[in-house]
Amino acid sequence: MTAMPSDFAIAEFLLEHGYDTPDAQAAARAVLEAAGLTRAGKARMAAEKRERASTLLEETLVRTCDAEACRRRAEFAAGGRTAVEVGAEQCPYCRGSDNRRAMTELARRLPALGVEHLLVLGGTPVLHETMATLLRQAGGGLEIRYVDGTAAVHTRDDANVAMRWAQAVAVWSSTPLPHKVSTLYTDHPAAKKSVRMVTVTQRGIAGLCTQLVAALEKR
């Protein structure tokens with residue numbers, strides 16, 4: 001039977017927990033030293049201290065990359081913790097993904113702008129599924145429904161139901177979206193009264209999210 005190691009390397013432990021830059025590692029190590037779990041110059045820590053060290057870092061620090069959206073998210077979630085900058089792949093908000101970062105910002109900003117029901121007009125089923133996954137990961141109160149412009153049948157009744165629910169519509173004009181489908185929504189009476197309509201010309205999920213937030217913030 002193989003004996004469990006009695007200690008572990010602190011540098012490797014910090015990397016495992018996402019502290020992958022010199023400044024982040026210094027900040028994390030300072031937390032551990034202040035709690036008496038290690039001291040300056042020590043390279044290893046007793047195995048029985050691992051769980052306590054992990055909990056302490058989680059309660060004291062919050063990681064973020066240098067992207068503005070992620071920094072704002074970290075500040076919002078900090079709850080008294082200190083934000084430390086790490087590499088993008090170790091950022092809990094984007095994991096190095098522009099799409100995830102942009103969707104996180106969309107989920108944060110739109111409810112603050114009075115939009116909790118967003119209808120995305122256009123895009124493909126693959127894009128819709130990816131967006132839905134990213135939105136679940138982002139959390140928050142935003143709900144998104146999707147209209148696949150390439151689907152076989154679209155009726156005015158479908159548009160009536162969707163427009164009664166929506167508070168804003170993103171008309172994703174850079175994706176397959178036949179005019180006969182888009183006009184069911186863009187010419188709907190609600191589009192001229194209560195529902196905010198934004199034409200999105202950017203391709204990709206990150207482009208959609210970024211342009212949509214910018215347009216709604218100007219209104």
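Student: Which residues of helix α8 (residues 179-186) are buried?

Tutor: Ground rules come along with this one: it is a predicted model, in which local features need pLDDT of at least 70, side-chain atom pairs count only at pLDDT 80 or more, and totals for chains, interfaces and linings use all residues. Residues are numbered from 1 along each chain as its sequence is written, and side-chain values use heavy atoms, with hydrogens and water left out. Helices (H or I, at least four residues) and strands (E, at least two) are DSSP runs numbered from the N terminus, while buried means under 20% relative accessible area, exposed over 50%, and partly exposed in between (1.4 Å probe, protein chains only). By that cut-off, the buried residues in α8 are V181, S182, T183, L184 and Y185.

Student: What do the buried residues of α8 pack against?

Tutor: Here we look for contacts, meaning heavy atoms within 4.5 Å. The buried residues of α8 pack against both helices and strands, namely β5, β6 (143-147), α7 (156-165), α9 (189-193) and β8.

Student: Of the 27 residues in the largest nonpolar core, which touch the most other members?

Tutor: In soluble globular proteins, nonpolar side chains tend to be buried together. A nonpolar core is a set of buried Ala, Val, Leu, Ile, Met, Phe, Trp, Tyr and Cys residues joined through side-chain atoms within 4.5 Å. In the largest such core, the residues that touch the most other members are M103, L106, L110, L118, M131, I144 and L212.

Student: Which element gives the most to this core?

Tutor: Those that each supply at least two residues are α5, β5 (117-121), α6 (125-138), β7 (168-172), β8 (196-200) and α10 (204-218). With eight residues, the element that gives the most is α10.

Student: Which residues does M131 touch, not counting residues up to four places away in sequence?

Tutor: M131 is one of the residues that touch the most other members of the largest core. Leaving out those up to four places away in sequence, M131 touches M103, V120, I144, Y146, W172, I205 and L208.

Student: How many residues are in the other core that lies apart from it?

Tutor: The other core includes M163, L184, V195 and M197. L184 also turned up among the buried residues of α8. The size of this other core is 18 residues.

Student: What kind of unit do β3, α4 and β4 make?

Tutor: Two strands pair if DSSP finds at least two bridges between them, and β3 and β4 run parallel, joined by four bridges; R63, for instance, has V84 as its bridge partner in β4. In β3 (residues 61-64), L61 and R63 point one way and V62 and T64 the other way, and all are buried. A crossover is right-handed if, with the strands pointing away from the viewer, the path from the first strand over the helix to the second runs clockwise. Together, β3, α4 and β4 make a right-handed β-α-β unit.

Student: Is H128 buried or exposed, and which residue has its backbone oxygen 2.8 Å from a polar atom of the H128 side chain?

Tutor: H128 sits in helix α6 and counts as buried, because its relative accessibility is 8%. H128 touches G122, G123, Y146, V147 and D148, not counting residues up to four places away in sequence. At 2.8 Å from a polar side-chain atom of H128 lies the backbone oxygen of G122.

Student: What is the phi of R95?

Tutor: Most residues other than glycine have a negative phi. R95, in the loop between β4 and α5, is partly exposed because its relative accessibility is 40%. Although R95 is not a glycine, its phi is positive, at about 50 degrees.

Student: How many salt bridges are there?

Tutor: A salt bridge is a side-chain nitrogen of Lys or Arg within 4 Å of a carboxyl oxygen of Asp or Glu. E16 and R50 form one, with closest N and O atoms 3.4 Å apart, linking α1 (residues 10-16) to α3 (residues 50-60) across 34 residues. By this rule, the count is nine.

Student: How far apart are the closest N and O atoms of R72 and E105?

Tutor: E68, R72, E105 and R108 are linked in a network of salt bridges. R72 is partly exposed because its relative accessibility is 27%, whereas E105 is buried at 11%. The closest N and O atoms in the R72 to E105 salt bridge are apart by 2.1 Å.

Notes: A polar contact is a pair of N or O atoms within 3.5 Å; within protein, one must be able to donate a hydrogen and the other to accept it, and residues adjacent in sequence count only if both atoms are side-chain atoms.
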